[in-house]
Amino acid sequence: MSTASRAGTTGRAQRQEVSRSPELHAADSHDLIRVTGARENNLKDISVELPKRRLTVFTGVSGSGKSSLVFSTIAAESQRMINETYSSFVQGFMPTLARPEVDVLEGLTTAIIVDQERMGSNPRSTVGTATDANAMLRILFSRLGQPHIGSPQAFSFNVASVSGAGAVTMEKGGREVKERRSFSITGGMCLRCEGRGNVSDFDVTALYDDSKSLNEGALSIPGYSMDGWYGRIYRGCGFFDPDKPISKFTKKQVNDLLYKEPTKIKVDGVNVTFEGLIPKIQKSFLSKDREAMQPHIRAFVDRAITFQICPDCDGTRLSEGARSSKIEGINIADACAMQISDLADWVRGLDEPSVAPLLTALRHLLDSFADIGLGYLSLDRPAGTLSGGEAQRTKMIRHLGSSLTDVTYVFDEPTIGLHPHDIQRMNALLLQLRDKGNTVLVVEHKPETIVIADHVVDLGPGAGTAGGTVCFEGSVEGLRGSDTTTGRHLDDRAAVKESVRSSSGALEIRGASSHNLQGVDVDIPLGVLCVVTGVAGSGKSSLINGSVSGRDGVVSIDQGAIKGSRRSNPATYTGLLEPIRKAFAKANGVKPALFSSNSEGACPTCNGAGVIYTDLGVMATVESPCEECEGKRFQASVLEYTLGGRNIAEVLAMPVAEAEEFFGAGEARIPAAHKILQRLADVGLGYLSLGQPLTTLSGGERQRLKLATAMAEKGDVYILDEPTTGLHLADVENLLGLLDRLVDSGKSVIVIEHHQAVMAHADWIIDLGPGAGHDGGRIVFEGTPTDLVAARSTLTGEHLAAYVGA
């Protein structure tokens, strides 16, 4: 027998030996993520074991600690440990993450977080720039576009064309030589609108009152008072007389006030820069996205500035040169304006060997949009206009084709904003990620996604301080049989309403054509609960936000994030603290400012933050409770003042339900505060403490806080955009009760919603479709839920019929 065949036989024998060997290799024994003693936020020293390479779903009522366990403990520690592998120089540019409150975390793998945070609302950011699709298209047009106009940056609306020339001094052969050099960069930015797609026009009557002089307070711009720093600059600049009414200014003086270029001047011996009002407003207010502005600044911008589509580029943001270069009659602006599913078909038709790898990558990226249910978007859609669910699915796209395995993917309610029809596709994607060998952790409330889990962890039993423990851990079947809140409600099915309310009138919409709407005419009934539904991208938000929001007496509650720092809390956000501070001040004969941790009453050591931050250079900043006030935020002298036997720190530590009783009767009775607390309890936030920082609230809690605040506004019509976001199955019943109370009190409620329980509870349903993008935008059904189930003529009808068991 030859040596080679003998070696082959030996190898086979060894392989058979290995396959028979019962012992597990040591490296394969680490198939669990072990969490021991987690105490982050409201978690009560819990321990769980999560199987790797499986799909684990975390359930429990809103505020039970799901996000604290998954995001603030497991994902945060994984990211912190990865960051520590970089050099201290690089770590200086990365967010510093404190170590979570946990005893042991074993078996962690690299975590990729796909959360619901809205995408950056920078006005220059679009779906294309956020997903690299634009970068690929720019390369494609720079290679194949005719006429050829330059490199990829010639097609970028964020790069301006610049050129220059001048002398450069260099050393040649031991002596200095001057040479003339010139350079030019060809960018694709439209110069008129600077790549924004719209131009702003100022209504100068909203900037100042020309019958007054500057000293009399002529300027009506927020923050431009004559007592402040701006006032000193405008009064002392010497370009005009501050005591002269603006109507008496010469043409040059008005021009200086409004448009003067930045000019160095001296005011009271200090060097400052004077600049006209309009360029100053453009830099300070208009560089921000409208949604990110404070309410009073937003109101000023809406009053003083009108935005219109740029006449030079027709809203495409691109220069004439960039629009002139075409591939098969299509320029890059046309390509970005196409619906992504159509663009994918167009790219599939291009056959050019010189850019074959690029075309393959671009096709894959565009097909991923369609796979994930976003084929109805276009690449030029501003990123800030995507809903939370759309933003989350857009972030998912870059992971779908990833060849990474053994990664932990962490999803925060991936089914938000999805029609029941689309949830099946999302489930398939989650299973696809798992089957590639990844660990998938999902925080979810929808039963359609819970049932596909390999492992379920149910947290609770309640929310806030009543939660934070593991109620159940095991299989879906085990959860069904368990006596937990989730187990009892998992198979809940709402019945279709037997009798519906009759409308008291109608809101007429005629010829609605914003975004993909195709000249929609519809009457929205008033005095009832009206649900607007349809697949994601069918035009629901375009119809309601475009044609109903903004009318008199309409209060709109969207999914936008709450603006607030860790110093903000439910008491400051809802305006509850104002009457409480005044009552404390009146009872004790002192100023109200003493009872604010952001004002005179703040502990001087921690400035009212309650914690001290210690910066350890390249290591994570350490946060420790302030020793002076013991985390109470107030000076000791302030805590001696009481109202009804409680000091201000004790009041802020109260849960809403307890505070409602406290301020409802006895010597601490404050009717204004009691009314706000009642609304907070109504929306199911009775467990929240008044002083809990807004940054620690879950997504569902934030939206209900907005709802409680908006209920105070004087309105006849309430618009709610997916109010079941982040709500547990058990809480949906409370929400339906709240909506009923609103309607019974004489209000009209319009809900944009996918949840079948809300549809079944409606008095009237308007279903848009039949598809998404240009396949939608039409009314496919109007009527009662009973009629919709009986007809089963639409996708919504089929799913609702299956849900109610008809």
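**Salt bridges, domains and burial**

Modeller: D406 has a relative accessibility of 39% and therefore counts as partly exposed, since buried means under 20% relative accessible area, exposed over 50%, and partly exposed in between (1.4 Å probe, protein chains only). Please keep in mind that this is a predicted model, in which local features need pLDDT of at least 70 and side-chain atom pairs count only at pLDDT 80 or more, while totals for chains, interfaces and linings use all residues. Residues are numbered from 1 along each chain as its sequence is written, and side-chain values use heavy atoms, leaving out hydrogens and water.

Biologist: Which residue forms a salt bridge with D406?

Modeller: A salt bridge here is a side-chain nitrogen of Lys or Arg within 4 Å of a carboxyl oxygen of Asp or Glu. For D406 the closest N and O atoms of the pair are 2.9 Å apart, and the partner is R53. This pair links distant parts of the chain, with D406 in the loop between α14 (388-400) and β14 (408-412) and its partner in the loop between β2 (46-51) and β3 (55-59), 353 residues apart; helices (H or I, at least four residues) and strands (E, at least two) are DSSP runs, numbered from the N terminus. The partner is partly exposed at 30% relative accessibility, and the residue asked for is R53.

Biologist: How far apart in sequence are the parts that E106 and R34 tie together?

Modeller: E106 and R34 form a salt bridge whose closest N and O atoms are 3.8 Å apart. E106 lies in strand β4 (residues 102-106) and R34 in strand β1 (residues 32-38), so the separation in sequence is 72 residues.

Biologist: How many salt bridges are counted between domain 3 and domain 4?

Modeller: The domain assignment, whose bounds come from an automatic or database source, gives domain 3 as 492-562 + 714-805 and domain 4 as 563-696. Their C-alpha centres lie 38 Å apart, and four residues of domain 3 are in contact (heavy atoms within 4.5 Å) with six residues of domain 4. R741 forms a salt bridge with D682, with the closest N and O atoms 3.5 Å apart. The count between the two domains is one.

Biologist: Is R434 buried or exposed?

Modeller: R434 is found in helix α15 (residues 420-435), and its side chain makes a polar contact with the side chain of D454 at 3.0 Å. A polar contact is a pair of N or O atoms within 3.5 Å, where within protein one must be able to donate a hydrogen and the other to accept it, and residues adjacent in sequence count only if both atoms are side-chain atoms. Leaving aside neighbours within four places in sequence, R434 is in contact with R53, R54, L55, V440 and D454. Because its relative accessible area is 18%, R434 is buried.

Biologist: Which backbone nitrogen does the side chain of E216 reach?

Modeller: E216 is found in the loop between β8 and α6, and with a relative accessible area of 52% it is exposed. Its side chain comes to 3.0 Å from the backbone nitrogen of S213.
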